[in-house]
Amino acid sequence: MIDTIERMIGELECGKLTRRQFAVSLATLAAGAFAAPTALASSPPPAAFRAVSLNHVTVRVPDLHRTSRFYQQFFGMPLRQQSATVHILGVGNSFFGIEQGQSQTSTVDHYDFGIANFNADEVRARLSELNLKFSDKTSKESFKFYDPDGFQVQVNAPDYIGHVS
């Protein structure tokens, strides 16, 4: 925190910060320092289903091949699976899914959590108790549901490798 304050003083002296910006920044920094111990002291409630990995994120794009080439070349992501409308690129033990969209708007389609000791029927039962909608009523391997904010979430075991269709 002292390094941050010293940096802010330097920026104030060089004219990169106004006195008002410095005061607000210092107050924000101090408020965070006092709030942090309280936030750290409380631990989250025990989870019914413990997410142990962010397995993958899948996006929908207007040009599947352009986007796929970019990520392969820029980040060195190898093409692991493909179909006419889906590419799965490797990211360590995870992957990045790219799907051909139907519009010119790019969007995040869904994200996927690997769940410890994954049991699809138990997860579906809990989602039903919460009145949340899910897509597949029979798959034991993986399925998607919508969270309370409308985001599409996929769940499965941590070692799920994806499938193209």
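**Packing around Ile115**

Reply: Beyond the neighbours within four places in sequence, Ile115 is in contact with Phe49, Arg50, Ala51, Val52, Val155, Asn156, Ala157 and Pro158; contact denotes heavy atoms within 4.5 Å. The model is a predicted one, in which local features need pLDDT of at least 70 and side-chain atom pairs count only at pLDDT 80 or more, while totals for chains, interfaces and linings use all residues. Residues are numbered from 1 along each chain as its sequence is written, and side-chain values use heavy atoms, with hydrogens and water left out.

Ile115 belongs to the largest nonpolar core, which has 11 residues in all: Ile115, Phe118, Ala120, Val123, Leu127, Leu132, Phe134, Phe143, Phe145, Val153 and Val155. Such a core is a set of buried Ala, Val, Leu, Ile, Met, Phe, Trp, Tyr and Cys residues joined through side-chain atoms within 4.5 Å. Buried means under 20% relative accessible area, exposed means over 50%, and partly exposed lies in between (1.4 Å probe, protein chains only). Two or more residues of this core come from each of α4 (120-129), β6 (142-146) and β7 (152-156). The greatest contribution, three residues, is that of α4. Helices (H or I, at least four residues) and strands (E, at least two) are DSSP runs, numbered from the N terminus. A second, separate core comprises seven residues, among them Val61, Leu89, Phe96 and Ile98.

Phe143 also carries a charge over its ring: Arg124 lies over the face of Phe143, at 4.7 Å from the ring centre. The criterion is NZ of Lys or CZ of Arg within 6 Å of the ring centre and within 35 degrees of the ring normal. Arg124 and Ala120 are in contact with Ser139, leaving aside neighbours of Ser139 within four places in sequence. Ser139 lies in the loop between α4 and β6 and is buried, at 17% relative accessible area. The side chain of Ser139 reaches the backbone nitrogen of Glu141 at 3.1 Å.

His56, in strand β1 (residues 51-61), is buried as well, since its relative accessible area is 3%. The His56 side chain makes polar contacts with the side chains of Asn55, at 2.8 Å, and His110, at 3.1 Å. A polar contact is a pair of N or O atoms within 3.5 Å; within protein, one must be able to donate a hydrogen and the other to accept it, and residues adjacent in sequence count only if both atoms are side-chain atoms. Apart from neighbours within four places in sequence, His56 is in contact with Phe95, His110, Tyr111, Asp112, Gln154 and Tyr160.

Tyr71 and Phe75 form a stacked pair, because their ring centres are 5.8 Å apart and their planes stand at 20 degrees. Tyr111 and Phe151 form a tilted pair, with 6.3 Å centre to centre and 50 degrees between the planes. Rings of Phe, Tyr and Trp (its six-membered ring) pair if their centres lie within 6.5 Å; planes under 30 degrees apart count as stacked, over 60 as edge-to-face and the rest as tilted. The Tyr111–Phe151 pair links distant parts of the chain, 40 residues apart: Tyr111 is in strand β5 (residues 107-115), and Phe151 is in the loop between β6 and β7. Tyr111 is partly exposed at 21%, and Phe151 is partly exposed at 48%.
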